[in-house]
Amino acid sequence: MRFKKIFGFLMAVALVLMLLPKPVQAVATVPDGQYYIDVTLVGGSGRVVADSPALLTVNSGQMSAVLILKRSSGTSTTTYLWMTVNGGGTQYNNLAGSGENSKFNIPVASLDTAIPVTAYSEVMATEIDYTLTFASSSLKTLNGEEPETSEEETVKTPDNSGSENSESETQEETEQETEEKTQTDIELGVELSSTFSEEDVNSFVGYPLTFSNIFGEVVFDKETVDKIFSDVDGEVIFSMKRLTQEAEYVNLGYDLVIEIDLTDSEGNSLFNSDISGNAQMSVLFPSDLEDGEEVRIICLSQSGEEEIIGLYDAETKMVNFALTHFSVYAISSENPVTVNDKEVTSTEDKKTFILPVVLVSGLVLVAALIVILVLKRLRGRKNEAD
């Protein structure tokens, strides 16, 4: 009998606990902007560490970080070719220049959680698994201040409150739908490209349009949007990706090479110089440049090179410049070698130029010696005659 009473009491307590509301889970959200954050790398042989703090960028709630891997001791640099995150198929290429430690711009799914990454070592010719942890407690703005983070509460309640939450959500959606549309924002996050249906394209017309991903953003004004999309039939593809480590550009000395494209389903370029449109481009470019400092940008198109001057925003770590068409753009904080034949004198050109000079100089010298010998002989004969 006593056992039954104890068992009944325990069952009653368990039932009460089950009926109690579940605890509130608070998730810290970081406002859009750029921050410094401590990062820890674990794995491999332990001889490689992450440069800390790292630069964290939050754009429309999507986080990405510039990660630099260096050796824990010694002066030699690390040589990783690419990195994948969370077992995904996307490879993030090494952005470092020659003689620099490996540098990657990778998405960050969450803070204070071990994120699995895989890096390919060029020296060892193998993949190495690591984990990265970004510490939210260390988060600082670029001015060294603590950000004003907010907490979003996720509350799990009993089923009997579901109808009330559903009504609230429906009301919020209705209010959002009734708000007047002023522009179109397409946020790709870590995606490098995206395809838009004909219905999507039709909705672009009549409003300013912004495409963005972890590498930057491009903004079209309303007039340019109308010129691009008014007569387009079918799907449209937008892409923005880095080519810094591609074989075609890796030895040119640029800090960043980025390709931007907007095409129809047949691969025809939609934003070109023929439409007389304008766009504002902002590219993530972490650097020690001063705010407002001019940055030299080279448009590497098939028809030749074109130089553009952009302005650096030290607060957002962005280079801002105007575009009249999409192409491949190269950025450097210095003056790198270019691929323009007018600006580069190759080794072969130098040989072609030097060889005739040497030949002409030799011929002149031989001719001078012959003249001297002839004059001496003539003088000798004259003296004998006298």
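Start by selecting strand S9, residues 115-121. Most of this strand is covered, with 5 of its 7 residues buried (buried means under 20% relative accessible area, exposed over 50%, and partly exposed in between, using a 1.4 Å probe and protein chains only). Strands here are DSSP runs of E with at least two residues, helices are runs of H or I with at least four, and both are numbered from the N terminus. What you have open is a predicted model, where local features need pLDDT of at least 70, side-chain atom pairs count only at pLDDT 80 or more, and totals for chains, interfaces and linings use all residues. Residues are numbered from 1 along each chain as its sequence is written, and side-chain values use heavy atoms, with hydrogens and water left out.

Strand S6 (residues 80-85) pairs with S9 in the antiparallel sense over 4 bridges (two strands pair if DSSP finds at least two bridges between them). Click on Val85 and you'll find Val117 of S9 opposite. S10 also runs antiparallel to S9, joined by 7 bridges, and here Tyr120 stands opposite Glu127 in S10. The hairpin of S9 and S10 has 4 residues between the strands, and Ala125 in that hairpin takes a positive phi near 55 degrees.

Zoom in on Leu323. Not counting residues up to four places away in sequence, Leu323 touches Ile260, Phe271, Gly277, Asn278, Ala279, Met281, Ile308 and Tyr329 (contact means heavy atoms within 4.5 Å).

Which strand gives the most to the lining of the largest pocket? Colour S5 to see it, with 3 residues. By class, the lining has 19 nonpolar, 16 polar and 10 charged residues. Here Ala, Val, Leu, Ile, Met, Phe, Trp, Tyr, Cys and Pro count as nonpolar, Asp, Glu, Lys and Arg as charged, and the others, Gly among them, as polar.

A few backbone stops are left. Most residues other than glycine have a negative phi, and most peptide bonds are trans. Ser52 and Pro53 are joined by a cis peptide bond, with omega about 5 degrees; find Pro53 in the loop between strand S3 (48-50) and S4. Then pick Asp112, in the loop between S8 and S9, where phi is positive at about 60 degrees although Asp112 is not a glycine. Is Asp112 buried or partly exposed? Asp112 is partly exposed, with a relative accessible area of 47%.
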